[in-house]
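Thanks, everyone; I would like to walk through a few local features of one model this morning. Please have the sequence and the structure open as I talk.

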Amino acid sequence: MFSNVQKAADKARLFLQNITLAALKFQKQIHMAKDSSPKVQAVYELCKESFTPSAAPLASSQVIQKLCSLLDTFCPADVGLKEKTTDDDRGHGFGVNQLNRVARWAQPITYLNIHECNSFTMCMFCFPTSSVIPLHDHPRMTVFSKVLYGSLHVKAYDWVEPACIKENKAPGHLPVRLAKLTVDKVLAAPCATSVLYPNSGGNLHCFTAVTPCAVLDILSPPYREDVGRKCSYYTDYPYSAFSTGNEAEKIIGNEDDYAWLLEIDTPDYLYMRQGVYIGPVIRI
């Protein structure tokens with residue numbers, strides 16, 4: 001009898017030991033997962049080492065290439081997003097009543113802040129179909145943009161230098177300034193990271209969502225109005241709208257590649273809300 005009891009006790013002890021070992025193994029796996037460096041952590045570390053609160057000097061070409069190569073590997077899951085594969089049909093389709101159509105057009109762009117400091121900003125924008133971030137600038141800033149999913153139309157300009165400015169005869173309007181079109185295309189994931197610089201690469205750009213999409217942005221240094229890095233919005237006019245022929249020496253090639261930009265107030269149709277970032281936590 002005692003022998004049977006002893007055997008049962010031994011089996012119970014072995015069973016408990018196996019459970020304890022399994023629990024310890026599971027805890028170790030969780031600990032290892034937490035300790036593993038996610039891609040956002042690697043981006044943070046590289047940005048922290050490479051960027052400064054001042055726009056000058058620019059990061060080296062090696063740093064820019066390294067950061068682009070790292071961002072090129074990103075997918076939605078790396079930043080806590082789930083790819084949206086279904087179109088939200090904003091304002092399109094048959095059998096959609098007017099109320100639903102208005103509701104779809106009213107969907108906002110969601111802004112997700114990942115990290116912000118004096119040297120750089122890491123953030124994301126999630127776009128419903130047809131939503132727009134209007135033409136705006138990035139004064140003395142370098143910006144990396146990676147489309148994580150979906151398709152996005154990008155239209156971008158750089159200022160013509162030296163500055164070519166025309167008076168605007170419309171009452172209450174500011175002068176217009178000549179800019180050259182540098183980008184006018186659709187970016188569809190998966191695609192390479194795009195980079196704009198303080199004076200090149202399309203520092204003034206507009207985003208229009210062709211499908212539901214998300215964009216991961218790195219801005220260095222970040223917007224800061226008190227030191228002159230204020231975000232300004234613009235509307236573009238064809239070259240012929242303000243040209244008198246005296247600017248011929250300012251343009252090279254087709255005049256369709258040039259436009260006059262007028263600074264405007266923040267457009268009413270820019271509808272954006274703050275979201276909550278739920279991706280891997282960055283260890284500061």
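The side chain of E161 reaches the backbone nitrogen of A163 at 3.4 Å, and the side chain of E161 also makes a polar contact with the side chain of R177, at 2.8 Å. By polar contact I mean a pair of N or O atoms within 3.5 Å, where, within protein, one must be able to donate a hydrogen and the other to accept it, and where residues adjacent in sequence count only if both atoms are side-chain atoms. This is a predicted model, in which local features need pLDDT of at least 70 and side-chain atom pairs count only at pLDDT 80 or more, while totals for chains, interfaces and linings use all residues. Residues are numbered from 1 along each chain as its sequence is written, and side-chain values use heavy atoms, with hydrogens and water left out.

E161 lies in the loop between β5 (151–159) and β6 (165–166); helices (H or I, at least four residues) and strands (E, at least two) are DSSP runs, numbered from the N terminus. E161 counts as exposed because its relative accessibility is 54%, the classes being buried under 20% relative accessible area, exposed over 50% and partly exposed in between, with a 1.4 Å probe and protein chains only. The C-alpha atoms of E161 and K180 are separated by 9.8 Å, although these residues are 19 apart along the chain.

Let me turn to another loop residue. N203, in the loop between β8 and β9 (204–209), is buried, with a relative accessible area of 5%. A polar atom of the N203 side chain lies 2.9 Å from the backbone oxygen of Y197. Leaving aside neighbours within four places in sequence, N203 is in contact (heavy atoms within 4.5 Å) with residues including H136, D137, H138, Y157 and D158.

How many of the residues of strand β4 (residues 142–149) are buried? Eight of the eight are, so β4 is largely enclosed by the rest of the structure. β4 pairs with β10 in the antiparallel sense over seven bridges, and with strand β8 (residues 194–196), again antiparallel, over three bridges; two strands pair if DSSP finds at least two bridges between them. Within these pairings, F144 has I218 in β10 as its bridge partner, whereas V143 stands opposite L196 in β8.

β10 comes up again around helix α2. The buried residues of α2 are V40, Q41, V43, Y44, L46 and C47, and what covers them includes α3 (61–72), β1 (109–116), β2 (121–127) and β10 (213–220).

Finally, the aromatic residues. The structure holds 11 aromatic pairs, one of them formed by Y237 and F242, which is edge-to-face with 5.6 Å centre to centre and 80° between the planes. Rings of Phe, Tyr and Trp (its six-membered ring) pair if their centres lie within 6.5 Å, and planes under 30 degrees apart count as stacked, over 60 as edge-to-face and the rest as tilted. Y237 counts as partly exposed because its relative accessibility is 30%, while F242, at 18%, counts as buried. Y237 and F242 belong to one aromatic cluster that also takes in Y239, Y258 and W260.

For the chain overall, the secondary structure comes to five helices and 13 strands, and buried residues make up 41% of the 284 residues.
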